[in-house]
Amino acid sequence: MLSNQVFYHGIIRKCIVGFGTLFSDIYIDRKQGDSVTGETIQRLQVPLAYAPKEKWIVRLDSDPTLTGHTYTTLPRMSFEIIGYNYDPSRKVSRMQQITCGDASGSTLTRMYSPVPYNIDLSLYILTKTQEDGLQILEQILPTFTPEYTLTINTVPEMNVKLDVPIILNSVSVADEYEGDFQTRRFVTHTLNFQ
């Protein structure tokens, strides 16, 4: 059934890297006094990693006061692939091909049209305070109305570029606080994309 031809263009990987790049340059300001008009006393770049939310929660649970030597500090963002779904609405003929020529036009290269799959991703924003979470959220939400289109060079040797729409499907928030007032608290925003 499957041929013995091995091919890998890294299209899914390029889509994931492109998605992560969208969120790699987010900053928050810590202000003195009023959180809107106060003087900025600290500016932090929010770290981003490809990892499930549970990894960070387990790390925080193992050192709830965050006094130990740790690489996990808040705020932090992470994202992960949730699933892949076939999209029959974008299906084209299985025999349809993409034909590309080189710069001189003397050599033609062909490949079959890609199979339409949707990738479901979740972006997690973990913060100590609601204020930090809202600063991050306000930098992300205006970009997605609810879609943002990213152009990815999917097959560089054939100069095939693909416009990938990234759709924000939902945003949820969880304020996780357990125990007395000395116990740590963290706020998690979850953004689901396709």
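Biologist: Which residues is L123 in contact with, leaving aside its neighbours within four places in sequence?

Modeller: Keep in mind that this is a predicted model. Here L123 touches F23, L48, M77, S78, F79, I140, H189, T190, L191 and F193.

Biologist: What is the largest nonpolar core, and which residues have the most contacts inside it?

Modeller: That core holds 24 residues, and F23, M77, L123, I136, I140, L191 and F193 have the most contacts inside it. At least two residues come from each of α1, β4, β7, α3, β8, β9 and β10. The top contributor is β7, with four residues. There is also a second, separate core of five residues, among them C100, M111, V155 and M158.

Biologist: How do β7 and β10 run, and how many bridges join them?

Modeller: They are antiparallel, with seven bridges between them. As one example, Y124 sits opposite T190 of β10.

Biologist: Why is β10 described as largely enclosed by the rest of the structure?

Modeller: Buried means under 20% relative accessible area. Strand β10 covers residues 185-193, and seven of its nine residues are buried, so the rest of the structure largely encloses it.

Conventions. Residues are numbered from 1 along each chain as its sequence is written. This is a predicted model: local features need pLDDT of at least 70, side-chain atom pairs count only at pLDDT 80 or more; totals for chains, interfaces and linings use all residues. Side-chain values use heavy atoms; hydrogens and water are left out. Buried means under 20% relative accessible area, exposed over 50%, partly exposed in between (1.4 Å probe, protein chains only). Two strands pair if DSSP finds at least two bridges between them. A nonpolar core is a set of buried Ala, Val, Leu, Ile, Met, Phe, Trp, Tyr and Cys residues joined through side-chain atoms within 4.5 Å. Contact means heavy atoms within 4.5 Å.
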